[in-house]
Amino acid sequence: MTEHVDVLIVGAGLSGIGAACHLEERRPGTSYLVLEARDAIGGTWDLFRYPGIRSDSDMFTMGYRFRPWTDSRSLADGTSILRYVRDTATAYGVDEHVRYRHRVVGADWSSQDATWTVTVDHDGEVTTYTCGFLWCCSGYYRYDRGYLPEFAGVDDFEAVGGTVVHPQHWPEDLDWTGRRVVVVGSGATAVTLVPALAEQAAHVTMLQRSPSYVLSVPATDPIDAKLLARLPAKQAYAIARWKHVLIATGFYKLSRWRPEWAKALLRKGVAGALPAGYDVDTHFNPVYDPWDQRMCFVPDGDLFKAVRRGDADVVTDRIDRFTPTGLRLESGREIEADVVVTATGLNLLAFGGMTLSVDGDEVALPETMAYRGMLLSGVPNFAYVVGYTNASWTLKADLVAEYVCRLLAHLDRHGYDAVVADREDDVTEEPFLDFSSGYVQRSLHLLPKQGSRTPWRLRQSYLHDLRTLRRAPLDDGVLRWSRVHERASA
Ligand SMILES: Cc1cc2nc3c(=O)[nH]c(=O)nc-3n(C[C@H](O)[C@H](O)[C@H](O)COP(=O)(O)OP(=O)(O)OC[C@H]3O[C@@H](n4cnc5c(N)ncnc54)[C@H](O)[C@@H]3O)c2cc1C
């Protein structure tokens, strides 16, 4: 028999566990399940196992609003984050609602029954579930394959014992002690890997096509440490969280308002952390403005320290091809390597790859518009979590969860069965994300659109969303509410 729940959550990562905790707290009578494709809770923080894996957001905003992060380190290692997510799931009794190895492959909404029928692949067997509300917390990228550009000559390199690894699939038995390592990339993963690998490697080269902004932040902020030492955990967490929100928002706003000032500040920070005469402009001064792409944060300048010690260096050039001894660059330079780590990024994937349909008609995602960055136009009783590009993911995930709980309460209170956001004719389409990063640009054509004005515009602003998602009226003329018997008579 098909199992039915009020709410079906897809994914048991940070967002899915947070969503379930919100249901536990705010909607005690609501039945729910969490369907998880893998056999563990944790998502990103369980999948990625590369050396040094850590957050690059502070944990006071990466943590859930409802559960204090009590460690004074604000950039935390992957194991601690995973433990935090799992402990939260246990503390709220959410872990008992998770069904593992359940990959959602499709969901069809029936207007007649105001019900989703969700198709699931469970260890190769197809099963179905039904639910009143579908909440997609599937993250934003493909788990099975990271992004890897085509490089010529990889076989020549591997044939003589060279190793090529992608950080998304880090081999447990890889030993880089005393070996020459090249990390290809300039994003958060590359800047994390370089100092971590440099501890044992003979030498590490970070090979980047173009630079990113890199900002050193304290691994442990002394103010946070004092707050945690002197105040009860909940109070200390709330204050530290606000402090981080305001500093991050302030810096983001400055970057957009006076990019040249932010650029100068960032450049000064890097120049001060590197040896005199270091070519900062070639390796750490991007052509784009701060926050046109996600910024890289390094705890206590660990990347710069590795460069200063001579354990690591940065090369800005393009790969021509792999050779039996390493890499040949377009400039003609050769870099010798034993291990090449391709920190070349992720493949974005919307809604965990599941197909959505409404009354049998498949939803073409690029034809939909995102309402408040969490509902899809024309798709009833469906919400999703996609975090901020300029702040911690969880800040948005928590707000979406509060909003979904409000929607569910409104449905109940008024005896409605369904809610859908209807597109408005005067709102023009804009790309879902205004980020120039390669991984975003490669996938924009597959994603929903955002709109030119509220409530369709994604402002990437926690302070704005805090006001609107918590307080905006639900009867806003855009959300359409309905009852099954109204539809039947229509
Ligand atoms: C290396 C790395 C570092 C990061 N660091 C930060 C950071 O410092 N700060 C920050 O804000 N963000 C960071 N992010 C973004 C990060 O993904 C989010 O912070 C957060 O972990 C997202 O949580 P999530 O639960 O939404 O998605 P995920 O962690 O991706 O979890 C999604 C879950 O859904 C499951 N799933 C997917 N599709 C399906 C399906 N069809 N059926 C069933 N289950 C499915 C997956 O198996 C997974 O368990 C980082 C990302 C990466 C890759």
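In this model, 26 residues of domain 1 are in contact with 34 residues of domain 2, where contact means that the C-beta atoms, placed from the backbone, lie within 7 Å. On the side of domain 1 that touches domain 2, helix H3 (59-62) and helix H14 (462-471) are the elements that give two or more residues. Sorted by class, that side of domain 1 holds twelve nonpolar, nine polar and five charged residues. Here Ala, Val, Leu, Ile, Met, Phe, Trp, Tyr, Cys and Pro count as nonpolar, Asp, Glu, Lys and Arg as charged, and the others, Gly among them, as polar. Helices (H or I, at least four residues) and strands (E, at least two) are DSSP runs, numbered from the N terminus.

The structure is a predicted model, with local features needing pLDDT of at least 70 and side-chain atom pairs counting only at pLDDT 80 or more, while totals for chains, interfaces and linings use all residues. Residue numbers start from 1 along each chain as its sequence is written. The protein chain splits into domain 1 (3-143 + 347-489) and domain 2 (154-342), with bounds that come from an automatic or database domain assignment. Taken over C-alpha atoms, the centres of domain 1 and domain 2 are 30 Å apart.

Now for the ligand. It is surrounded by 33 residues, and Gly-11, Gly-13, Gly-43, Gly-139 and Gly-352 are the closest; a residue is near a molecule if its C-beta atom, placed from the backbone, lies within 6 Å of it. At least two residues of this shell come from each of helix H1 (14-26), strand S4 (102-110) and helix H6 (188-198). H1 gives the largest share, three residues. The shell's make-up is 14 nonpolar, 15 polar and four charged residues.

H1 also packs against helix H4 (residues 78-91), at an angle of about 25° and with the axes 10 Å apart. Axes are lines fitted to C-alpha atoms, for helices over the stretch in contact, and angles run from 0 to 180 degrees between N-to-C directions. The angle makes H1 roughly parallel to H4; under 35 degrees counts as roughly parallel, over 145 as roughly antiparallel, 65 to 115 as roughly perpendicular and the rest as oblique. The H1 and H4 crossing is left-handed, a word used if the near helix is turned anticlockwise from the far one by less than a right angle, with right-handed used if clockwise. Leu-14, Ile-17 and Cys-21 of H1 meet Val-85, Thr-88 and Ala-89 of H4, giving five nonpolar, one polar and no charged residues.

H6, the other helix named for the ligand shell, has a partner too: its axis comes within 8 Å of that of helix H11 (residues 302-309), and the two cross at roughly 45°. H6 is therefore oblique to H11. Val-191, Val-194, Pro-195 and Ala-198 in H6 face Asp-302, Leu-303, Lys-305 and Ala-306 in H11 as contact residues.

Helix H7 (residues 222-230) and helix H8 (residues 233-257) have axes that come within 9 Å and cross at roughly 160°, so H7 and H8 run roughly antiparallel. This crossing of H7 and H8 is right-handed.

Thr-454 and Pro-455 are joined by a cis peptide bond, with omega about 0°, and Pro-455 sits in the loop between strand S24 (449-451) and H14. Arg-372 has a positive phi of about 50° although it is not a glycine.

Key: Contact = placed C-beta atoms within 7 Å.
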